[in-house]
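Open the model in your viewer and keep the selection tool at hand. The tour goes stop by stop.

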Amino acid sequence: MKPKGRENKPHIGIFGRRNNGKSSLINCLAQQELSIVSAIAGTTTDPVKKSIEIEGVGPAILIDTAGIDDFGELGEKRNKKSKNSIQIIDLAILVITNNEFNKAERDLIHLFKESEVPFFIVHNKSDLCKIDSNLKNNLEKELKTSLVEFSCNKNSTPDLIYNKIKLHIPENIYNKPSLFKGLINKNETILLITPIDSEAPEGRMILPQVQSIRDALDNNAICIVLKETQLKHYLQNFPEPNLVVTDSQMFGEVSKIIPEHIPLTGFSIVLARLKGNFEHYLNGTKHIDNLKNGDKILLLESCTHHVSCDDIGRHKIPKWLKEYTKKDLKFEIVPGLAEIEHINEYAIVIQCGGCVITTKQLKNRLTPAIKAGIPVSNYGMTIAFVKGIFKRAIAPFEQNN
């Protein structure tokens with residue numbers, strides 16, 4: 001199954017100097033006028049996302065960025081935004097023209113490599129200026145990547161670029177492992193506990209719940225969805241489930257009802273296994289016991305949502321951590337993918353499930369903390385820890401490693 005939804009689509013960034021034809025390349029790939037094209041340098045100001053379908057890859061997001069050679073105070077801000085885009089992409093396409101490849105391009109490639117982003121180079125406008133064979137050979141040998149000759153005129157087809165995308169993009173980006181593979185077998189029953197409270201979106205379910213339902217069906221399991229208030233009735237009247245997955249904030253109540261021999265975990269923990277950093281979460285969560293008075297805790301939210309008094313990240317987790325540690329703790333919230341400043345000030349970083357961002361984005365979000373030696377956890381593991389059921393919540397994954 002190829003996952004759908006922006007959070008699972010590979011993100012492909014288009015980079016290069018002003019007026020090198022980055023927007024024209026996106027229009028050519030999409031076969032429609034999506035980005036404004038002009039002979040005036042600097043037409044694209046901020047990174048702009050476009051959804052497309054690529055045969056053999058599936059749905060993808062193209063990101064059109066401002067020129068890396070922009071200048072002036074405003075140009076520097078645009079340039080910074082373009083470079084920040086590297087943190088959220090799975091593949092980069094560097095567009096050059098007129099055989100121009102200098103410090104600006106090398107600096108950009110250095111950032112690609114630093115963020116472990118695969119890339120290839122497109123020499124655009126080749127109908128006006130052919131690529132120098134020596135430059136091509138030298139760059140391919142030095143950089144160990146492809147250099148493609150291309151032209152975004154009306155007669156061009158995107159097949160050449162699409163083939164290079166399929167060649168360079170990591171396969172695991174569009175062929176993701178499933179949420180429940182190894183946890184549930186064909187015709188086994190998985191019970192999904194989904195509270196409907198003030199945090200639940202009106203008229204729909206939150207993304208991890210939707211993903212879990214689909215993944216259970218893809219694994220040919222029998223999926224039962226109910227509210228926590230129906231749990232006792234289900235257990236009294238129906239066969240025992242093979243796996244129970246609950247909204248993390250219900251860990252305490254649910255663990256008292258579900259018999260110990262039935263595996264129990266949370267949506268956020270299942271997502272953590274899918275999107276990496278799992279071992280870091282396992283080790284980092286235990287550092288909650290080391291928190292001291294005055295410690296600052298960073299909570300990372302990936303989505304933007306209306307904040308209620310029941311908000312899990314802004315209200316419940318801080319409250320539960322204070323109750324568990326009996327310490328005077330300080331909390332800061334950083335939503336979306338906003339830049340994190342002064343990472344060394346924090347005693348621990350706690351990331352939400354990350355359902356609306358890609359694996360690459362979540363990994364890059366936590367890398368500064370991990371490199372600085374700061375413990376990291378996620379919402380589900382933190383809640384399980386302070387509710388006293390951490391070992392039980394991670395047991396299903398240890399049994400299937």
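Buried here means under 20% relative accessible area. Keep in mind that this is a predicted model.

**Stop 1: helix H14.** Select residues 379-386. How many residues of helix H14 are buried? Eight of the eight are, so the helix is largely enclosed by the rest of the structure. Then step just past the end of H14 to Gly388, where phi is positive at about 80 degrees.

**Stop 2: the largest nonpolar core.** This core holds 57 residues. Select the members that touch the most other members: Phe180, Ile190, Val245, Leu298, Leu321, Ile343 and Val349. Now look for a second, separate core. That one has 23 residues, including Leu25, Ile52, Leu91 and Ile165. As background, nonpolar side chains in soluble globular proteins tend to be buried together.

**Stop 3: Val245.** Return to the largest core and centre on Val245.

**Stop 4: Glu105.** Select Glu105 in helix H3. Is Glu105 buried or exposed? Its relative accessible area is 0%, so Glu105 counts as buried. Now display the side chain of Arg17: a polar contact of 2.6 Å joins it to the side chain of Glu105. Beyond residues up to four places away in sequence, Glu105 touches Arg17, Ile68, Leu94, Ile96 and Glu100.

**Stop 5: Asn99.** Move to the loop between strand S4 (91-96) and helix H3 (103-114), and pick Asn99. Check its backbone: phi is near 60 degrees, a positive value in a residue other than glycine. Asn99 is partly exposed, because its relative accessible area of 25% falls between the 20% and 50% limits.

**Stop 6: Lys326.** Go to the loop between helix H12 (312-325) and strand S12 (330-334), and select Lys326. Here, too, a residue other than glycine has a positive phi, this time near 55 degrees. Is Lys326 buried or exposed? Its relative accessible area is 70%, so Lys326 is exposed. Show the surface of Lys326 to end the tour.

Note on methods: Residues are numbered from 1 along each chain as its sequence is written. Side-chain values use heavy atoms; hydrogens and water are left out. Helices (H or I, at least four residues) and strands (E, at least two) are DSSP runs, numbered from the N terminus. Buried means under 20% relative accessible area, exposed over 50%, partly exposed in between (1.4 Å probe, protein chains only). A nonpolar core is a set of buried Ala, Val, Leu, Ile, Met, Phe, Trp, Tyr and Cys residues joined through side-chain atoms within 4.5 Å. A polar contact is a pair of N or O atoms within 3.5 Å; within protein, one must be able to donate a hydrogen and the other to accept it, and residues adjacent in sequence count only if both atoms are side-chain atoms. Contact means heavy atoms within 4.5 Å.
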